[in-house]
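Please read the points in order.

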Amino acid sequence: MRNIMGTGPAREIIMPIVQMAIFVAGAGALCSVIMIILATLFQGSGADHLLQSTQGVGIFAYTVGNLPQVLIDGMTIGFVYAAIALGYTMVYGVLQFINFAHSEIFAIGAFAGVESLIALNAVGSLAKAGTIGSFGYFGLALLIGMAVAGGTAVFVERVAYRPLRNSPKLVPLISAIGVSFALQDIIRLTESLTTGQFYRVIPTFGNFDDRLTLFTIGSKAIDIQVKSLVVILAAVTMLVALNYLVKATKVGKAIRAVSQDPNTAALLGIGVNGVISLTFLVGGSLGGAAGVMYALKFTRIDPFVGFMPGIKAFAAAVLGGIGNLTGALLGGIVLGMIESFAGAYLGTFTQGAFGAEYKDMVAFLILILVIIFRPNGLLGENLSQKA
Amino acid sequence: MSVLELDNIHSYYGNIHALMGISLTVEKGEIVALIGANGAGKTTTLRSISGLLHPRKGHVLLEGKDISHLPPHTVHRAGLGLVPEGRGIFPGLTVLENLEMGAYIIDDKAEIEKGIQNAFSLFPRLKERAQQMGGTLSGGEQQMLATARGLMSNPTILLMDEPSMGLAPVLVDQIFEIIKELNKRGTTILLVEQNALMALSIANRGYVLQTGNIVLTDTGANLKANDMVRKAYLGM
């Protein structure tokens, strides 16, 4: 029998994986080519001589040698950005509004996940867990982070955005900025009252810090940290699940219907408020999961941990075309790649004048250039149609 | 009991008194036309019935049940189907998905499938375009889709807002043929139209709306012959 509630569920699972592979390969290849061209141009330059004298390799060999590692790092952080960016873009889709509190939803997810791991560690569960067990505990922390962040997002929408639904667009935006500060301070207050400090460190457990060797080129081993692999797999799974939800299920179609025409959707029996709550739940959960993954990768979190990833994910959503789910995915991956490349090579190519800490500057500069030449983002449609 | 009854409806946009006591009934199996000039309150009447606008005074009864203050999605569940003004096609959903959204309140998949087959038999064109995005359809095709989508939930009554708007004359004829055909198959229809001649030609009864009031009501044929209607709305 023909499946009437979708155009083949298998297609909706394979399609996004293919799409992500294309985005990763495309962004990675483009960045690599640019880097290789730059390395060729820099041969014989001061940077080249400096590398020759300190490390005994030319700039070309150095660049090419590091490429695989840089690509893996870019992909990892890119998927985290994509997961956060989807929250911004989904909410924008249904409400045409930027939820600036999303970065704190991310932070709340991170804290919920890390606190549950700390609690598990305190009772000794983490120490006793084997390899499989530690993956299980991380999965549990991920689910707790998603639940708490998703619940908070729904609550925030209900109390801070819904009453302002019919106000001018600027009003809920201000409300969101207020919520963002409020949530930061709620995390800080809760953490300092209960633990006496307001940053937390994820417990060391399992084999997340081990490195798996993927392959070797000559004498150089290309490896990937287990936690990066976990982040990539978890993110890809969630992005595929989200795509399936939105494309192939009845509620997913209702979300799209509401984002395209809320009045008609209501006339067809779709409860618009319910759909908006669901959107916040899904977007918030993804943000929370991204928070837990971020904590796993970078270990230390504080109440302000959401700001940078949040603003970058917002940039990624705009880069891809705000309101467009595929765009958020592409934007996240592209931004992650650019950042990883800038972080790895900026110091070497400028002989230390700009260090890896300037990677954010490069990421945002490129964002500004894209926005100037493609104001609707890489995959964006004409926004004026929506206004 | 009438399928739909409006009892002395007063509706406002802010402080503007848009409907000043509208009363009308639609009986089972009828086509009732609501005609009037631009700004007479035709769309406001439909908004007041469908729950997008809540009347400040008066009652809207659907099969005897008061729906005056229900939100639109609940009104729809009570059995009211709507083909909105400007058709309201979801541009980024495929034709098939648009139809599925029309059956949002139905959980039985077999029934939804039956509705889709019914829509395709009424509008073979939609079947050809099933996987195409709604936004890529022509105006006539969008009107077909909006009509088919309105029927997906098996409504007790179908409200149609300006189905002929923006269509080429040959398509207008076609759309009115379709409305007649739907009615023959048992759908009760309240038709709001600026094209008074066409609307009155197929309607059992009609109401003439002028600046928020019903000024005239009669059978379709009588209204078509009425001097005032001929002068004001038929340009004769």
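In what order do the four strands of the open sheet in chain B stand?

1. The order is S2-S1-S4-S5 (chain B), with antiparallel pairing; strands (E, at least two residues) and helices (H or I, at least four) are DSSP runs, numbered from the N terminus, and two strands pair if DSSP finds at least two bridges between them. Strands S2 (16-26) and S5 (65-66) of chain B are at the edges with a single partner strand each, so one side of each has no neighbour in the sheet.

2. This is a predicted model, in which local features need pLDDT of at least 70, side-chain atom pairs count only at pLDDT 80 or more, and totals for chains, interfaces and linings use all residues. Residues are numbered from 1 along each chain as its sequence is written, while chains are lettered from A and ligands numbered from 1 in the order in which they are written.

3. Five bridges join S1 (residues 4-13) and S4 (residues 57-62) of chain B in the antiparallel sense. Within S4(B), B:Leu61 is the residue opposite B:Glu5.

4. Chain B has two domains, domain 1 (1-79 + 156-236) and domain 2 (88-154), with bounds from an automatic or database domain assignment. Their centres, taken over C-alpha atoms, are 23 Å apart. Domain 1 of chain B brings 10 residues to the contact and domain 2 of chain B brings eight, where contact means C-beta atoms, placed from the backbone, within 7 Å. On the domain 1 side, H7(B) gives the largest share, three residues.

Terms used:
Contact = placed C-beta atoms within 7 Å.
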